[in-house]
Amino acid sequence: MSFLAAALDRVKPSATIAVTDKARVLKAAGRNVIGLGAGEPDFDTPDNIKQAAIKAIQDGKTKYTAVDGIPELKEAIIGKFQRENGLTYKPNQVIVGVGGKQVLYNALMATINPGDEVIIPAPYWVSYPEMVALAGGEPVPVVCTAADGFKLQPEALEKAITPKTKWLILCSPSNPTGAAYTKAELKALTDVLVKHPHVWVMTDDMYEHLVYDDFVFTTPAQVEPSLFDRTLTVNGVSKAYCMTGWRIGYAGGPAQLIKAMATIQSQSTSNPCSIAQWAAVEALNGPQHFIPENNKVFKERRDLVVSMLNQANGIECPRPEGAFYVYPSCAGTIGKTAPSGKVIDNDQTFVTELLETEGVAVVQGSAFGLGPAFRISYATKTSDLEDACKRIQRFCGNLR
C-alpha cells in the first residue's frame with residue numbers, strides 16, 4: 001500500500017514472535033504443540049516483587065512519573081551498576097524504558113543518521129538489524145561461526161569498521177546462542193575499539209545473571225574504562241527476575257545521549273508503568289537468592305537439551321556459557337526428505353516440517369543471521385524439554 005511508510009520496506013516482522021504465535025494457533029486448534037520459541041523464563045515473578053507492586057497500587061503510586069524513571073528506581077540502578085559492574089553513574093546518566101527493547105531502539109533513533117553503519121555480530125537477536133534499519137542506518141552483520149564459539153573476533157571487528165561506523169552492538173550472554181565473552185575476549189575487542197574513537201558500544205547485558213559453570217560476567221565499560229564515555233550499558237529485569245511482562249529496561253551512559261533518548265521517549269511512550277517501576281526497585285534492591293536457585297535448574301535443562309540434541313541424526317549442538325538458549329546446527333539434515341515428502345533444503349523448511357510433523361516449535365537460524373541452524377529456548381519445564389527433544393530425535397531419525 002502506498003499509504004504506508006517506505007521505511008517498512010526495510011523491516012521484517014519478528015521471527016521469534018511469529019513462531020510463538022503460530023504455535024499458539026495450533027494449540028488452540030487442538031494440536032499437541034511444545035513451544036520452544038519464546039525467550040521467557042517459566043518461573044513466576046518472586047512474591048516480594050509482586051508485593052511491592054501491590055503496595056504501590058495501594059499507596060496510590062498510579063500517576064505519571066518522570067519520563068525517564070522514578071528517582072528511587074534510578075538510585076537502585078545506580079547501586080546495581082556500582083555493586084555488580086564497578087560502573088559509576090549519576091541520575092542524569094541513567095534512563096528507564098518500557099523494556100530493554102525500547103531503550104535500545106531509542107538509543108538508535110537518537111543517534112543514527114542516514115548511511116550510518118552499525119556492526120552486529122551474527123547470530124544476532126532478530127530485532128537489532130531491524131531497529132537499525134528503522135532508524136535509517138545500515139546494519140553490518142559480521143558472521144561469528146561455531147568454530148569461534150559464536151563470538152566476534154578482534155580481526156573481524158577491525159575489518160568491519162569503516163568511517164561510517166557509529167555503533168557496535170554486543171550481546172553477552174547472547175540471544176540466540178548463549179555464548180558469553182570472557183574478560184580476556186572482551187579486552188581483545190575493546191583494544192580494537194580504543195583505536196577507533198568514532199565507534200560507540202551498545203552492550204545488551206540482559207542475560208548478565210544467567211551464566212553457568214563458574215563463568216564470570218564482565219561488561220565492556222568495566223573491562224576498558226576509557227570506553228566509558230562512549231558506551232551505553234543496557235540491562236533490565238525481564239530475564240533474571242522473571243519479569244518479562246512488567247516491561248522495565250534501563251541503561252547507563254553519557255548524559256547527553258541519555259537526555260536525547262529521554263526526549264524521544266517523552267514524545268512516544270512517555271514514562272514506563274509506575275507500578276512496574278516500583279516492582280523493579282524491589283527486584284534490584286531486594287533478595288537475590290532465587291537467581292542462583294533458578295540458574296541451577298536452567299543449567300540442568302541446558303545439559304539435558306545439549307545431550308539429547310547431540311543424539312539426534314544430523315544435529316550438532318554446542319554447549320553455551322549462558323542465557324537460556326541453545327543454537328544447534330541442522331546442516332546434517334539438509335538434502336534429506338521429511339515424512340511429508342518435502343526435501344529439507346534450508347533451516348526454514350526444517351523448522352516448518354518439525355512443527356507440522358512433531359508439533360515442536362523452534363526458530364530457524366537464518367532469522368538470526370546464521371544458518372542452517374535453529375534456536376531452542378530451554379526456559380520451559382523440564383518434562384516438556386525432554387518430550388520435545390525426543391520428538392526432534394524421532395523427526396531426524398525419520399528423515400531419508
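Reader: Which side chain of opposite charge is nearest to D347, and how far away is it?
Author: This is a predicted model. In it, the nearest side chain of opposite charge to D347 is R375, 12 Å away. D347 is buried yet has no salt bridge.

Reader: Where does D347 sit?
Author: D347 is in helix α12, which covers residues 347-358.

Reader: And what is D347 in contact with, leaving aside its neighbours within four places in sequence?
Author: The contacts of D347 are C330, I334, Q364, G365, S366, G371, P372 and A373.

Reader: Q364 is on that list. What is its bridge partner in β12?
Author: Q364 is bridged to F374 in β12. Strands β11 and β12 (residues 374-377) pair in the antiparallel sense, over two bridges.

Reader: What order do the strands of that open sheet have?
Author: The order is β9-β12-β11, three strands with antiparallel pairing. The edge strands are β9 and β11 (363-364), each of which pairs on one side only.

Reader: How many bridges join β9 to β12?
Author: Two, and these strands run antiparallel. Y325 has S377 as its bridge partner in β12.

Reader: Which way do the residues of β12 point?
Author: F374 and I376 point one way, while R375 and S377 point the other way. All of them are buried.

Reader: Different strand now. Is β7 enclosed or open, and why?
Author: Strand β7 (residues 231-236) is largely enclosed by the rest of the structure, because six of its six residues are buried.

Reader: Which residues of β7 are on which side?
Author: T231, T233 and N235 are on one side, and L232, V234 and G236 are on the other. Both faces are covered.

Reader: Is the pairing of β6 and β7 parallel or antiparallel?
Author: β6 and β7 pair in the parallel sense, over four bridges. There, D204 stands opposite V234 in β7.

Reader: What about β7 and β8, parallel or antiparallel?
Author: Strand β8 (residues 249-252) runs antiparallel to β7, and four bridges join the two. V234 turns up again here, opposite A251 in β8.

Reader: On to helices. How many residues of α5 are buried?
Author: Seven of the eight residues in helix α5 (residues 127-134) are buried, so the helix counts as mostly covered. The buried ones are S127, Y128, P129, E130, M131, V132 and A133.

Reader: What covers the buried residues of α5?
Author: The cover includes helix α4 (100-111) and the strands β3 (117-122), β4 (138-143), β5 (165-171) and β6 (200-204).

Reader: Which residue with a positive phi follows α5?
Author: G136 follows α5, and its phi is near 95°.

Reader: What does I78 touch, not counting residues up to four places away in sequence?
Author: I78 touches Y89, K90, P91 and V94.

Reader: How far apart are I78 and I169?
Author: In sequence they are 91 residues apart. In space, I78 and I169 are 22 Å apart, C-alpha to C-alpha.

Reader: And A323, where is that?
Author: A323 is in the loop between α11 (290-309) and β9 (325-326). At 0% relative accessibility, A323 counts as buried.

Reader: What does A323 touch, not counting residues up to four places away in sequence?
Author: A323 touches P173, S174, G178, Y207, L210, Y212 and Y378.

Reader: How far is A323 from A23?
Author: Their C-alpha atoms are separated by 22 Å. Along the chain, A323 and A23 are 300 residues apart.

Reader: Last topic, the surface. Which residues form a nonpolar patch there?
Author: F3, L4 and L8 do, with about 360 Å² of accessible area together.

Reader: Where in the chain is L4?
Author: L4 is in the segment before α1 (15-28). With a relative accessible area of 46%, L4 is partly exposed.

Technical notes
Residues numbered from 1 in each chain as written. Predicted model: local features only at pLDDT ≥ 70, side-chain atom pairs only at ≥ 80, totals over all residues. Heavy atoms only, no water. Contact = heavy atoms within 4.5 Å. Buried < 20%, exposed > 50% of the residue type's maximum accessible area, 1.4 Å probe, protein only. Lys, Arg positive; Asp, Glu negative; His and termini not counted. Salt bridge = Lys/Arg side-chain N within 4 Å of Asp/Glu carboxyl O. Patch = residues over 30% accessible without salt bridge, like charges linked within 9 Å, V, L, I, M, F, W, Y side chains within 5 Å. Areas by Shrake-Rupley, 256 points an atom, 1.4 Å probe, with all protein chains shown as cover. Pairing = 2+ DSSP bridges.
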